[in-house]
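The exercises below are to be worked with the sequence and coordinates open. Each task is followed by a solution in steps.

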Amino acid sequence: MLTRIISAAAGIAILALVLVFHSTIVLPIAVAAMIAIMLYELLRAVKLHTCIPILAAVELCGISMPLIYSKYYVQSIVDYVEDSVNTVSINGDVTMISFAVTLAAAFVIFLTWLKKHNEIRYEQVFFAIAVMILVPQAMTTMVRIERYSPDNGLFLLIMGLCGAWIADTGAYFTGVAIGKHKLCPEISPKKTIEGFVGGLVITGLVFVGAFALYVNKLAKTEIEIAYVSYIAIFALGVICAVIGTIGDLSASLVKRQCGIKDYGKIMPGHGGLMDRFDSVLFVLPTFYAFVSLTGIVE
């Protein structure tokens, strides 16, 4: 237990340090580092980490995504001041650059498969391609959320992360207190239906409380914020909790089918980064889509 607490405290301290410098290049670099570790852990789970060409292609593709987006963001701000039309052009350019990098990496993976077809199975190949797309795009959403609003980006990023982690914490304590009926005993024996429901409600309430406090704070400043529907905010918290649980269970299922207990050992007592960020991979894109489509915070 002590090891878990110390490990968690160290992780929180590092995350807090990154968030302090959220508006600088520190955030994209930190996200790139997390992507690199998570991709390595996933490739190791399917025994592809020793295949250097595939490992290099997946890692380089993954690391490049937050850096490409960050460069686009800085340039778009400059061009917005000079010529708003060019901003749209840059948006299209970054999409094409990301697509080209991903396509090149996939090409390397398929070439390696052709060369080593007696050693590498198609399940491994398509798993590598899937995580090469999912993990970088999902984790880069951290940068997208923070850059979404110059005034409110940090708050939104923190809430996006909370959408994944509060649900897990709420479900754990609710499950310990009143949990009796197993949710998915063959995948995650400790999860209960009562804990799951508790996680939904707690996340929704925390979202409402956090947004209420933040809006009240902004009301005392000159920063504008769109009209906030607290019913929508509660629904967003519940949705994030549901999506996060699906992400957690999916990652657990991969571990079980690969015959491993944890994805890594970078966080003693907790496992690897994938063990901590599995639900984040699903929650952050959902949170970003909701905020972007509804414009609840500008």
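A nonpolar core is a set of buried Ala, Val, Leu, Ile, Met, Phe, Trp, Tyr and Cys residues joined through side-chain atoms within 4.5 Å. The model used throughout is predicted.

**Exercise 1. The nonpolar core**

Task: Find which residues have the most contacts inside the largest nonpolar core, and list what Val135 touches.

Solution.
Step 1. The largest nonpolar core has 67 residues, and Val135, Met139 and Phe287 have the most contacts inside it.
Step 2. Helix H5 (residues 122-148) gives the largest share of this core, 12 residues.
Step 3. Leaving out residues up to four places away in sequence, Val135 touches Ile35, Met38, Leu39, Leu42 and Leu281.
Step 4. As background, nonpolar side chains in soluble globular proteins tend to be buried together.

**Exercise 2. Packing of H5, H6 and H7**

Task: Describe how H6 packs with H7 and how H5 packs with H6.

Solution.
Step 1. The axes of H6 and helix H7 (residues 193-218) come within 7 Å and cross at roughly 145°; this crossing is right-handed.
Step 2. On the H6 side the contact includes Phe155, Leu156 and Met159, and on the H7 side it includes Ile202, Val206 and Phe207.
Step 3. Sorted by class, the residues of the contact of H6 with H7 are 15 nonpolar, eight polar and one charged.
Step 4. For H5 and H6, the angle is about 140° and the axes are 6 Å apart. H5 passes H6 in a right-handed crossing.
Step 5. H5 contributes Met142, Ile145, Glu146 and Tyr148 to the contact, while H6 contributes Gly153, Leu156, Leu157 and Leu161.
Step 6. The contact of H5 with H6 has six nonpolar, one polar and one charged residues.

**Exercise 3. Salt bridges**

Task: Count the salt bridges, then classify the partners in the pairs Glu146 and Arg147, Asp168 and Lys191, and Asp262 and Lys261 as buried, partly exposed or exposed.

Solution.
Step 1. The cut-off is a side-chain nitrogen of Lys or Arg within 4 Å of a carboxyl oxygen of Asp or Glu. The count comes to six salt bridges.
Step 2. Glu146 and Arg147 pair at 2.3 Å, N to O. Glu146 has 6% relative accessibility and so counts as buried; Arg147, at 9%, is also buried.
Step 3. Asp168 and Lys191 pair at 3.9 Å, N to O. Asp168 lies in helix H6 (residues 153-178) and Lys191 in strand S2 (residues 188-192), so this pair ties together parts that are 23 residues apart in sequence. Asp168 is partly exposed at 34% relative accessibility, whereas Lys191 is buried at 17%.
Step 4. Asp262 and Lys261 pair at 3.7 Å, N to O. Asp262 is partly exposed at 30% relative accessibility, and Lys261 is exposed at 70%.
Step 5. Through shared partners, salt bridges join Asp168, Lys191 and Asp248 into one network.

**Exercise 4. The surroundings of Ala45**

Task: State whether Ala45 is buried or exposed, and which residues Ala45 touches.

Solution.
Step 1. Ala45 is found in helix H2 (residues 26-45).
Step 2. The limit for buried is under 20% relative accessible area. Ala45 has 6% relative accessibility and therefore counts as buried.
Step 3. Ala45 and Cys258 are 213 residues apart in sequence, yet their C-alpha atoms are 6.2 Å apart in space.
Step 4. Not counting residues up to four places away in sequence, Ala45 touches Cys258, Ile260 and Tyr263.

Note on methods:
Residues are numbered from 1 along each chain as its sequence is written. This is a predicted model: local features need pLDDT of at least 70, side-chain atom pairs count only at pLDDT 80 or more; totals for chains, interfaces and linings use all residues. Side-chain values use heavy atoms; hydrogens and water are left out. Buried means under 20% relative accessible area, exposed over 50%, partly exposed in between (1.4 Å probe, protein chains only). Helices (H or I, at least four residues) and strands (E, at least two) are DSSP runs, numbered from the N terminus. Contact means heavy atoms within 4.5 Å. Axes are lines fitted to C-alpha atoms, for helices over the stretch in contact, and angles run from 0 to 180 degrees between N-to-C directions. A crossing is left-handed if the near helix is turned anticlockwise from the far one by less than a right angle, and right-handed if clockwise. Ala, Val, Leu, Ile, Met, Phe, Trp, Tyr, Cys and Pro count as nonpolar, Asp, Glu, Lys and Arg as charged, and the others, Gly among them, as polar.
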